[in-house]
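Good morning. Please look at the sequence and the structure on the screen while I talk through some parts of it.

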Amino acid sequence: MAHGGGGSLMHQLIDGMFRHAFDNPLLNAGHDGAVFDVDPARVALTTDSYVVRPLFFPGGDIGTLAVNGTVNDLAMCGARPQYLTLGLILEEGLKMETLWRVVQSIQDAAEAAGVRIVTGDTKVVDRGKGDGIYINTSGVGVLAHDGEIGPSRIRPDDAILLSGDVGRHGIAIMAVREGLEFESEIESDCAPVAGPVMNLLEAGIEIHSLRDLTRGGLAAALVEHAHSARFPLLFEEAAVPVREDVQSACEMLGLDPLYVANEGRFIAFVPESQADKALEILRAHPVSGGAVRIGAVQDGDRAVVRMQSRIGAVRIVDLLSGEQLPRIC
Amino acid sequence: MKYLDEYRDAEGARRVAQAISKIATRPWTLMEICGGQTHAILRFGIDELLPDSIELVHGPGCPVCVTPVELIDKALTLASDSGLIFCTFGDMLRVPGSRGDLRQVKAEGGDVRIVYSPLDAVRLATEHPDRQVIFFGVGFETTAPAVAMAVVQAKRHGLTNFTVLICHVLVPPAIETLLSSPDNRVQGFLAAGHVCTVMGYTEYEPIAKRYGVPIVVTGFEPLDILQGVYLCVKQLEEGRAEVENAYRRAVQREGNQPARELLLEVFEVVPRKWRGVGAIPRSGLGLREAYASFDAEKRFGLEAAGVEESSECISGEVLRGIKKPHECPAFGVRCTPDHPLGAPMVSSEGACAAYFRYRAESG
C-alpha cells in the first residue's frame, strides 16, 4: 500500500472508498475541513482514539467501536451526536478488503447512530509500526436542553440506574485474543446509546449525571463519581446483571465483571422521584432493554463506593491499580 | 449459575453463621490457608457474619507471595534477554523483585507473555523453534500437575528450547512450620480445597493428630467457607482434632490419582525458601534428574544473589498469620498496589491486596 503520500493513489482511496461509503454534501465538498451551522448554540465536542487487537471480534470491529465510542461520549454529555471526523492510521501491507470491511462498518454504525462523517484524514505508516488500523474520531453533538449533566450534580438519594448487563465487550475481546473457547460465542455489547439518553431528556427526566462503562467498567464509573461528587455511593452486587456465560468466563479467569469493559452500557443518576419513569423509558429502547436500578447516592462526606455483597455484608469497591490480570489458581 | 449461585445464597449463609454462633462457647482462632479463600472472605464480607469470638487469620497460601525475591530477580534477568520468550501466569507480572517487576521488563522490550496454561508455553516453543521459551512455574500442588504435563509433553516432542523456572511449593510442610513455631496461635485450619482436589487429604491426617488441630478441607464460595468454619469450630468445641472434608463435591480422600502420578513422575521433593517465612525443608518440588534438561536455572546457569527485603514490610508476619495487613504501619501509606513494598500487596491472592481492595476507606 502506497496510499499515504498524497499522490494519485491517495486520491483513489479517498474518492473510491471513503467518499463512496460516507457520501454526504459536507464531505463531498472536498475541502480541508467541513463547514456547518449548529443550532442551537450549545454543542458538545469530544475525541477518542481506537486501538484494538483483534480488529474484528464477535459483535463488532474497530470501525463500530470508533463510531459508537465517540457517539456515546457525546450522549453522556446529554448531546445529540451529529458530526464525526475520521482519522485513519493504516499500516503498510494492510489488505484492501480489510480496510473496506472496516469502512463499511463505520458507515453502518454512523447510520445507525444518526451521525455523518464530515471530514477525515489518512496516513500510512511503515509495516511493523502499527497494528493494521488505528482510528481517531472526534464528534460534535448539540444540546437541546439547558441542564448541566455531570458528577457535580449528583445528590443524596439519587437513584443509580444501569442500562443493562455488564462485562460482555471485555470478555468477547479477551476470548478472541487469547483463543479461549466457551460453549457459546460471547458477543460484544458495542452499541450507540444516544437513543435512550435522548428519550430520557425528551421525557423531562432531570438527569444529574451519565457515564459510559468503558475501561475500568462499572466499578471505575461509580468510583469516579464518588470521588468527583464527594458523596458515598451504595449499590447491590445482586442487582448488577451479568450474563451466565460472561460470569463463567470471569470465574475461570479470576476476573471481576464489575471491572470489565463495556461498549454499549452506561449508568444514569436521576432523582429518586423519577427513577421508575426513567427505568420504564430505558427498558423501552432495545439498547437498554435490560436496565435496572442498582443503588443510590448516600448522604455523608466519605467519597467511597460501597457494595452490599450477595450474602448481605457491605464492602468497599475501589479502582484497580492497573488492568485486571488473570490469576494463577 | 449452577454450582455457584447456591453457594452464594444470602439466606443459606445467614443460617450457617447462626449455627456457628450457637455452638461457639469461647474464642477460637482459625486460619484459612489459601489466599483465594482470604479474598473470598473479604470480598463477600464473610467475617462480618461470624460471631466476634471467631477470628480468621490469613495463611501463607499465596504462591505469588511466597516466591523468593531471588527467584523473581532470576525471572527478571531471563525476561530481559531479548532472544527469549518468557511466559508467566498473569499475577506474577506486578510482583516486586529487588529491581522492578516483570511488567517493567515487558515495557522495556522484554518478550513477556501472559499464558493461561503451561501447555500454551509448550505450544509457543513448538511455534518458535529458533527461540528459547521459559515458563515461570509458580504455585502449590494445584498448578504443579499442569507444569508436569508441560514438561512431559516437551520431552515427548523432543523440544530443546523449552524450560521451566520452578518455584513449586507444598502446603503440608508450611502448616507444620506454622504449628511448630513458638508464636503460633492458630487452633484450627481450613485446608485449601483445590490443593486437596489434586492431593487428597491423607497427608493432613498425621498433622492433625500430632499437633492436635482440626483441619477441614474447605472450598471457596461463601457457603463453603462458612461450612468449613462450622465444622472446625464444632471439632474444637467437642475436643476433637481430625481431618474432615467440607468440599465433597470436588475432593476425594485420595485426590486425583493420575495427577499425583504425574507429579511423582516429573518432580521430587526439595527444600525451598519461602518469601517472608524462610527456608522450609522438604517444602518444594524440583525436576527429577530425568527431566533436568528442562530446568531453566540449570540451562541458563543462573547464580543466586543475596537480596535484601524491604525492612519495613511485615509480609512475613502477615503470611504466618501473626499480624493482619492493616496492622502494618506502611499499609495504604507507603505500601499500595501502585507502589508495593511486598508481594502480598499486589497478588490477587495476597492478604494485603484483599484488605486494601475491600476494606481500605481511602476516600
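Which residue stands opposite B:Glu268 in β11(B)? It is B:Gly286 that stands opposite B:Glu268. Before I go on, note that this is a predicted model.

Strand β10 of chain B covers residues 267-274, and with β11(B) it pairs in the antiparallel sense over seven bridges. The two strands form a hairpin with three residues between them, and in that hairpin B:Gly276 takes a positive phi near 85°.

Now the other partner of β11(B). Strand β6 of chain B, residues 162-169, is joined to strand β11, residues 278-287, by two bridges, and the two run antiparallel.

In chain B, six strands make an open sheet in the order β4-β3-β5-β6-β11-β10, and the pairing is mixed. Which strands stand at the edges? They are β4 (112-114) and β10 of chain B; each has a single partner strand, so one side of each is left without a neighbour in the sheet. On average, neighbouring strands of this sheet are turned by 25° against each other, direction ignored.

For those new to sheets: strands pair through backbone hydrogen bonds, either parallel or antiparallel. Strand β3 of chain B, residues 85-88, pairs with β5(B) in the parallel sense over three bridges. Within that pair, B:Cys87 stands opposite B:Phe135 in β5(B).

A helix lies across part of this sheet. Helix α8 of chain B, residues 144-156, lies across β5, β6, β10 and β11 of chain B, and its direction is at about 155° to β6(B).

Two other helices of chain B pack against each other. How far apart are the axes of α9 and α11 of chain B? The axes of helix α9 (residues 171-180) and helix α11 (residues 204-211) are 10 Å apart, and the angle between the helices is about 10°. An angle under 35 degrees counts as roughly parallel, so α9(B) is roughly parallel to α11(B). From α9(B), the residues that take part are B:Pro172, B:Ile175, B:Glu176 and B:Leu179, and they meet B:Tyr204, B:Ile207 and B:Tyr211 in α11(B). By class, that contact has six nonpolar residues, no polar ones and one charged.

Let me step back to the domains. Chain B is divided into domain 1, residues 1-311, and domain 2, residues 315-358. Taken over C-alpha atoms, the centres of these two domains of chain B are separated by 18 Å. In the contact between them, 27 residues of domain 1 of chain B face 20 residues of domain 2 of chain B. Which element gives the most to the side of domain 1 of chain B that touches domain 2 of chain B? That is α2(B), with six residues. By class, this side of domain 1 of chain B has 13 nonpolar, nine polar and five charged residues.

Chain B also touches chain A. That contact takes 35 residues from chain B and 26 residues from chain A. Among the elements of chain B that each supply at least two residues to the side touching chain A are α1 (10-23), β5 (133-139) and α16 (351-358). By class, the side of chain B that touches chain A has 19 nonpolar, eight polar and eight charged residues.

Finally, chain A. Strand β1 of chain A, residues 43-50, runs antiparallel to strand β6 of chain A, residues 133-142, and eight bridges join them. A:Val43 stands opposite A:Val142 in β6(A). Strand β4 of chain A, residues 80-91, also pairs with β6(A) in the antiparallel sense, over 10 bridges. There, A:Leu86 stands opposite A:Thr137 in β6(A).

Is A:Thr85 buried, exposed or partly exposed? It has 18 C-beta neighbours inside 10 Å, so A:Thr85 counts as partly exposed. A:Thr85 and A:Gly120 are 35 residues apart in sequence, yet C-alpha to C-alpha they are 5.3 Å apart in space. Leaving aside neighbours within four places in sequence, A:Thr85 is in contact with A:Val118, A:Thr119, A:Gly120, A:Thr137 and A:Ser138.

Definitions and conventions
Residues are numbered from 1 along each chain as its sequence is written. Chains are lettered from A and ligands numbered from 1 in the order in which they are written. This is a predicted model: local features need pLDDT of at least 70, side-chain atom pairs count only at pLDDT 80 or more; totals for chains, interfaces and linings use all residues. Axes are lines fitted to C-alpha atoms, for helices over the stretch in contact, and angles run from 0 to 180 degrees between N-to-C directions. Helices (H or I, at least four residues) and strands (E, at least two) are DSSP runs, numbered from the N terminus. Angles under 35 degrees count as roughly parallel, over 145 as roughly antiparallel, 65 to 115 as roughly perpendicular and the rest as oblique. Two residues are in contact if their C-beta atoms, placed from the backbone, lie within 7 Å. Ala, Val, Leu, Ile, Met, Phe, Trp, Tyr, Cys and Pro count as nonpolar, Asp, Glu, Lys and Arg as charged, and the others, Gly among them, as polar. Domain bounds come from an automatic or database domain assignment. Two strands pair if DSSP finds at least two bridges between them. A residue is buried if 20 or more other C-beta atoms lie within 10 Å of its own, exposed if 12 or fewer, and partly exposed in between; C-beta atoms are placed from the backbone.
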